[in-house]
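Reader: Could we go through the charged and aromatic side-chain contacts of this model? I would like to take them one at a time.

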Amino acid sequence: MTEENRNGTKRQGRGLRFLLYLPAVAKGLFNTLLHILKLKGHKTFTVQYPEKRKEVRPGFRGEHRLKVDENGREKCVACLMCQTVCPAVCIDIVAEEAPWNDRDKRPKTFEIDMLRCIYCGMCEEACPCDAIELTEKLYTVSTSRAAMIYDKEKLLSN
C-alpha cells in the first residue's frame with residue numbers, strides 16, 4: 001500500500017500510521033471508562049460549597065488585617081515601608097501627627113486595593129512594628145469594586 005509523491009518518491013500509506021495510534025486511543029478510552037465507573041479508587045474533589053468550606057493550609061495568605069496594641073490603638077506608625085515594598089502598588093497611606101507620646105506619626109488613611117493585591121506577603125515582612133498581617137480568611141465576596149478597597153476601619157475590624 002504505497003503511493004507516489006509529486007517528486008516521484010514512494011511513501012507508506014495512511015493505514016499504517018493509523019494502526020500505530022490505535023492502541024493509545026484504546027488505552028485512553030479504557031482509562032476514561034474506569035474514571036466514569038470510579039473503579040480506579042479515585043475520590044472526587046468536588047466540594048459542596050455553601051454547606052462545606054474548603055480548609056486552608058497553615059500559612060495561607062488571605063485578607064489583610066491591621067493589628068492593635070495593648071491600649072487598643074493601631075500598631076501602625078505610618079513609616080510607609082509596606083507601601084514602598086508592595087510590588088502591586090496597591091497600598092496607599094497618608095500620615096498624620098500622632099496624639100500619643102510614644103510615636104511621631106500614625107496613619108490618617110490606610111487603604112489597600114484588594115483587587116490589585118497579589119497576596120505576596122511582602123507588606124507583612126517589611127513592617128518593622130508588626131502592624132499588618134495576612135489572615136487565613138479565604139472567601140472575599142463583594143458586589144462592587146469600591147467595596148474591595150479596604151480602608152483603615154475595615155482593616156482594623158477584620
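Reader: Which residue does Arg-103 meet in a salt bridge?
Author: In this predicted model, the side chain of Arg-103 forms a salt bridge with that of Asp-69, at 3.3 Å from N to O. Arg-103 sits in the loop between strand E4 (91-97) and strand E5 (105-113), and Asp-69 in the loop between E3 and H2, so the pair ties together parts that are 34 residues apart in sequence.

Reader: Are Arg-103 and Asp-69 buried or exposed?
Author: Both Arg-103 and Asp-69 are buried.

Reader: How many salt bridges does the structure hold?
Author: There are 11 salt bridges. One of them joins the side chains of Arg-65 and Glu-133, at 1.8 Å from N to O. Arg-65 belongs to strand E3 (residues 64-66) and Glu-133 to strand E6 (residues 132-134), so this contact ties together parts that are 68 residues apart in sequence.

Reader: And what is the relative accessibility of Glu-133?
Author: Glu-133 has a value of 14% and therefore counts as buried. Arg-65, with a relative accessible area of 27%, is partly exposed.

Reader: Which residues are linked with Glu-133 in a network of salt bridges?
Author: The network links Glu-133 with Arg-65, Lys-67 and Asp-130. Within it, the closest N and O atoms of Glu-133 and Lys-67 are 3.9 Å apart.

Reader: Turning to the rings, how many aromatic pairs are there?
Author: The structure holds zero aromatic pairs.

Reader: What lies over the face of Trp-100, then?
Author: Arg-73 does, at 4.7 Å from the ring centre.

Terms used: Residues are numbered from 1 along each chain as its sequence is written. This is a predicted model: local features need pLDDT of at least 70, side-chain atom pairs count only at pLDDT 80 or more; totals for chains, interfaces and linings use all residues. Side-chain values use heavy atoms; hydrogens and water are left out. Rings of Phe, Tyr and Trp (its six-membered ring) pair if their centres lie within 6.5 Å; planes under 30 degrees apart count as stacked, over 60 as edge-to-face and the rest as tilted. A charge sits over a ring if NZ of Lys or CZ of Arg is within 6 Å of the ring centre and within 35 degrees of the ring normal. A salt bridge is a side-chain nitrogen of Lys or Arg within 4 Å of a carboxyl oxygen of Asp or Glu. Helices (H or I, at least four residues) and strands (E, at least two) are DSSP runs, numbered from the N terminus. Buried means under 20% relative accessible area, exposed over 50%, partly exposed in between (1.4 Å probe, protein chains only).
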